[in-house]
Amino acid sequence: MLSQSNKDLILLKPDEYPIESLTDKELKLILELKEKLVEVHTESIKVYRDDGHMLWRFLKAASLNVEEAAKMYVETVRWRRESFVEELFNVPAPYIKELGDAIYPEHYLGTSDKSGLPFYLIRVREQNYSQANKRLSVEHIRQYHVMRLEEKERNLREITLNTGQWQDEIIQIFDLKGINPFSVKEFANWFKATVDIDANYYPVLYHKILMVNTPLIFKSSLPSLLGIIAKNWIDRRVLHILGSTSKAEYKQLLLHHSFGGGGENTPLTKAYGGKKEDIPLSVFDWKAFDIRIEKESQQKFKRMTQELDIKNGFKFTKNTRVVRGMLLEWGYKSRRKPVLFTCRPETDEEASARMKSMIARSAGCLSNHLAPMLGSTPSSSSSSSTGREEGGETRGGTQNAASSEGGGGGGGLACLP
């Protein structure tokens, strides 16, 4: 059942919110883009937003080139369909959201009282890159990033609904305080792994990106580390790499009237020039998380195996390492059910018999090798197997692990404990 807020979001009509501060020429470009999409890419606009606000975002990303904007729009629709973006947001993969929130904490600060733009804060010293490397693949990181972007898009619609003013852009703050030569590379790798999604499929989402408290030694090298998209954003004055938040450069940019960061009800905390109390650094208990996940996984696996046991009529086997000197015993419960193994240590008599058998085989191989050199006929040697399996007819038997491995060491075989 949808909440009233979600129902209102679904019924939200973008065309009822005028696009402000656009010239007649820019409005004409929006109409041209929409006509082109209707004429050539009708299927695409049926599954994605085709309102003037969204089309204007694509036009700005394409430098007001209608052809390029149309290509970007169609490519975005294709990517969303093939990446299952809607399904990913509504039914995320298990633990991806929780892990992402723990590894890459992000804080929503609120909206500016001047421009209505929402502010988001990421503090690099809260990012846990070592856990990310152990627990998440690059694909998982990208999936989590898409979920986070979808949340921001939906939050923009809620802001529009609550304020009556259409919002399509956000302000992102990255606090680089405490960054070091190791973590700056990890941060850059994470940034480059996800920034193409921002640039290509969520065009002009960022009104401004501020990287503040950047150490002086990294200010000149950071653009190169962040990649070509970051350099492009710097050229377009979307991305700003700044020093301390107490510097005049930061305050002038933040409090500029077109930025909307100032005012009595600024959402910023004291650390960033606002009046709100600072947000404590997040702490995550990884040990407790692992214990909980292990218990939940065991319960899920138990339920799954019980269902399969009922369906198939047999119990799962466990993988056990078989070492030299361990005997295997097997037998069929019936012709339709798989072979079942048990393992036991060999007795002294069985060990002696195994050694004699190995010596006899070695002697036979040696005589066969030397016979051509001596000009004699090799003697035939025979070997026996302690267990035999003939299709579905075998009812039982034993075989030594070492002989079954050709005299080798251990081998992984499915054995019932």
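A crossing of two helices counts as left-handed if the near helix is turned anticlockwise from the far one by less than a right angle, and as right-handed if clockwise. The model discussed here is predicted, so that local features need pLDDT of at least 70 and side-chain atom pairs count only at pLDDT 80 or more, while totals for chains, interfaces and linings use all residues. Residues are numbered from 1 along each chain as its sequence is written, and side-chain values use heavy atoms, with hydrogens and water left out.

In this model, helix α9 passes helix α10 in a right-handed crossing, where helices are DSSP runs of H or I with at least four residues and strands are runs of E with at least two, numbered from the N terminus. The contact (heavy atoms within 4.5 Å) is made by the residues in the table.

| Helix | Residues in the contact |
|---|---|
| α9 | Val138, Ile141, Arg142, His145, Val146, Arg148, Leu149 |
| α10 | Trp190, Ala193, Thr194, Asp196, Ile197, Asp198 |

Helix α9 spans residues 138-163 and helix α10 residues 181-201, and the two pack at an angle of about 50° with their axes 10 Å apart; axes are lines fitted to C-alpha atoms over the stretch in contact, and angles run from 0 to 180 degrees between N-to-C directions.

Elsewhere, His207 lies in strand β4, residues 206-212. His207 and Val238 are 31 residues apart in sequence, yet their C-alpha atoms are 6.6 Å apart in space.

The chain as a whole holds 17 helices and ten strands. Of its 417 residues, 40% count as buried, meaning under 20% relative accessible area, with exposed over 50% and partly exposed in between (1.4 Å probe, protein chains only).
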